[in-house]
Structures are given as C-alpha cells and as structure tokens.
Amino acid sequence: MNSETLQIGIIGAGDILRQYVKTFDAVPSVHIAAIAAAHIERAQAAAAGRDTRACTVDALLADQTIDLVVNLTPPPLHAQLNGAAIAAGKHVYSEKPLAATPAEADALLAAAAKAGVTVGCAPDTFLGPGLQTTARALADGMIGEPFAAMAIWGGSGPEPWHPNPQFFYEAGGGPVLDMGPYYVTALVAHLGPVRAVHACSRTTNRARVVGSGPLKGTALHVDVPTYATAILEHASGVLSTVSLSFETFAGMAGLEIYGTGGTLRLPDPNMFDLRGSVALADNPSAWGELAPSGGYADLGRGVGAVELWAAVRAGRTPRASGAMAAHVTHVLAAINAGGDTSIDAQFTVPALVPLGDDPTNTAV
C-alpha cells in the first residue's frame, strides 16, 4: 500500500458504479483516485465534481499510486481486465463473476499468487447484516444440524428494462452467471464448499427483443442456458437444490436452509439489510424475524473491496475472496453444463463479521 489511504482506480462507469461510489465515499480512509471507461466521456461524467481523474484503462493500470483496481465492466471483459490489473501489480476486486469459465478463474488466481497480489470478488452482500445474522444463527445451532437447502430465483429476462441487454445472453451471462453468484455464494458462505453438482439446463426458443431505450425492438441472440436446475452436494453432506431462470414471467425467489430443529429463511442475497427469519420444530408455523447479530451495517456494494484492503494489511485472506469466487464459478459452470460434475476447487469459509464492524478493521 502506498499510504494509509486506499487509492482505488475503478474501471467501468455503468449503472452499478453509483452504488460502489456511495460505499467508498462513506469510508474516510478510501479515495477514488481514478475512473476509466471504454468511452472516456462516461468516465469524465462520473468523475465530474470530485477529486477524481478520468482516464483510459491503460493510464489507470500504469498509475503507480493506485493500490486497488475495482473492475465494474460487463462480465465478458472480467477475465481480461482482471488479468491486466494483476499483471500491472495491482490488487483486484471484481464485480461478479470473477471470470466466465473455471479455467479463466483458476488462471487469475495463479497469476495473482505469482505476482504477490490479492484478488477479491463480488457479491459481497453476504457480508451485510441480513446474511451474516442467518449465518451466525446457523453456526450457533439455532436450527440443529443442517441437512438441506433450497435456492430459487427466476424472472423473464432483463430485456424489458435494460437498454442494452445482449451481454446477458452471451458467455458470462444468463441467469446462472447473472443471479446465480448471489444465491450460490450465500449457500457456500453458510454451508461450505460444494463437492459435486447434478444438473439439467436448457434454452427455449422464445424470441427476445430489447424493450426500451435507443435499441428498442432489436432482436437478441441467446448463447447460454436460460433455465437451469441442480442439486449441489456440499462437502458437509448438505444437499442444496438450486433453480435459476430467465423464463419465469411471474417471477420467483427464495432461499431457505433446513435443519433437524427448524428452518432458516434467508433474506434476498442481492441485498444487504433485509432480515431473515426462523421457524423452529416445536412450533413450525410460527416464523420469527431475526434481530441483526452480525455484518457491516449501513454500507453496501463495495464493502468487500474495503475489507480486502484490511485483509491485505493484516496478511490474511479477504472474506469476499477470489478463491471463493473461483469455487462459485466452478459450481455455476457445472450447473450450466448439466450432468454430473465433481468439484475440486476449495476455499476457506470466511469468518463471521461482528455486528456493525468497521470494514477497515485489520484485527478481524
């Protein structure tokens, strides 16, 4: 690190940038030094009125004052730009997924180890009070021994609202790699690594067109499965059922863990502050909301990048680690592929976050 203040360079100036900026601005020891984008005018607009310079990607990577590169570009660019940042000697925090394929994800981790830099990856929503509270309840034995889980999410696809949704239907996209990281990350953060995946996936022949913006009416081509369902065998023996869809017009969502003494209903893993609930075996129809007992409060997307900085300073693995993201990538690829797949990638389940903790705290 160059100083006590973390100097961040952000690549990508799309819609999600606002959420990261809000989090980084809330942490006094974090400074957004530069923003780069393929279209420099978008970087200039994002940097306007701030102590932040707009620049090209090459200029950002060459800047020796930047400690951490935050990659917010579309998924097809993640492996390339994450690799370029590692080659430039930068720590990297990437939007999900870390890469489009397991081979790319593994290569990034190998390159980072060789370069002596640290990689982290979204989603970091599991570090918020919602999922940290359910993880603590599970660890405390509130529902007894967990034996199964269910994760389900579905929608009709992003084309009705997104102005340029083609990348959602290319490699690195689809419901499995778009929404799957939230659900599978939440599952493995609670239940540990997956050792095998048994899956089926398919693509329908439904015509898809852009529904809004300048490209309205443009036909989309679909190169990825739009519906997938799988059973995940965790190394612990827990079985998780996962279904992910861009074919479900009415929508569907849910995330539950079943134990010998009750059921945990987890909050939306795409959010930070929603509360989970529990129903216990002695009164299974009485759901009780869980009071927050862990997690980074009052922060949002990007908290994993700040925690990565604390981890680097402390010489430990960040909670939203590249290793966990690579493991999730292996699982998601197996879901997309269908059939039976053994998973070798492993990671250390991150330690629970004390309630309201400061993500810059190097002691936890």
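How do the residues of the lining of the largest cavity divide into nonpolar, polar and charged? They divide into twelve nonpolar, three polar and one charged, where Ala, Val, Leu, Ile, Met, Phe, Trp, Tyr, Cys and Pro count as nonpolar, Asp, Glu, Lys and Arg as charged, and the others, Gly among them, as polar. The legends below concern a predicted model, in which local features need pLDDT of at least 70 and side-chain atom pairs count only at pLDDT 80 or more, while totals for chains, interfaces and linings use all residues. Residues are numbered from 1 along each chain as its sequence is written, and side-chain values use heavy atoms, with hydrogens and water left out.

**View 1. The largest cavity, with Ala122, Pro123, Thr185, Ala325 and Val328 nearest its centre.** A cavity is, on a 1 Å grid over the protein atoms alone, a set of points where a 1.4 Å probe fits but cannot get out, and lining residues have an atom within 4 Å of a point. The largest cavity holds about 90 Å³ of space, a volume being the space filled by probe spheres set on the points, with grid points joined across faces, edges and corners. Its lining has 16 residues, and H10 gives the most to this lining, with five residues, while H8 and H10 each supply at least two. Helices (H or I, at least four residues) and strands (E, at least two) are DSSP runs, numbered from the N terminus. The peptide bond from Ala122 to Pro123 is cis, with omega near 5°, and Pro123 is placed in the loop between strand E6 (119–121) and H6.

**View 2. The crossing of helix H8 (residues 180–191) and helix H10 (residues 322–337).** The axes of the two helices come within 10 Å and cross at roughly 115°; axes are lines fitted to C-alpha atoms, for helices over the stretch in contact, and angles run from 0 to 180 degrees between N-to-C directions. The contact (heavy atoms within 4.5 Å) is made by Gly180, Pro181, Val184, Thr185 and Val188 of H8 together with Met324, His327, Val328, Val331 and Leu332 of H10. By class, this contact has seven nonpolar, three polar and no charged residues.

**View 3. The second largest cavity, to whose lining H6 gives the most, with three residues.** About 70 Å³ of space lies in this second largest cavity, and its lining consists of Phe126, Leu127, Leu131, Gln132, Ala135, Ala189, His190, Arg319, Pro350, Ala351 and Leu352. H6 and H8 each supply at least two residues of the lining, which divides into eight nonpolar, two polar and one charged. In the whole structure, a search finds three cavities of 30 Å³ or more.

**View 4. An open sheet of nine strands with mixed pairing.** The order of the strands is E14-E13-E12-E11-E7-E10-E9-E8-E15, where two strands pair if DSSP finds at least two bridges between them. Strand E14 (288–289) and strand E15 (339–342) are the edge strands, each pairing on one side only. Helix H6 (residues 129–139) packs on the sheet, touching strand E7 (146–154), strand E11 (252–259) and strand E12 (262–265), and the direction of H6 makes about 160° with that of E12. Strand E8 (residues 194–202) and E15 run antiparallel and are joined by four bridges, and His198 stands opposite Asp340 in E15.

**View 5. The largest pocket, with about 1,300 Å³ of space.** A pocket is an open set of points with protein on both sides within 12 Å along at least five of seven lines. Of the 50 residues that line the largest pocket, Gly14, Asp15, Pro74, His162 and Phe167 are the closest to its centre. Helix H3 (57–62), helix H4 (78–87) and helix H7 (174–178) each supply at least two residues of this lining, and the largest share, four residues, comes from H4. The lining divides into 26 nonpolar, 16 polar and eight charged residues.

**View 6. The second largest pocket and Asp298 in its lining.** About 190 Å³ of space lies in this pocket, which is lined by Gln19, Lys22, Thr23, Ala26, Phe272, Asp273, Asp298, Leu299, Gly300 and Arg301. By class, the lining has three nonpolar, three polar and four charged residues. Asp298, in the loop between E14 and helix H9 (303–314), has a positive phi of about 65° although it is not a glycine.
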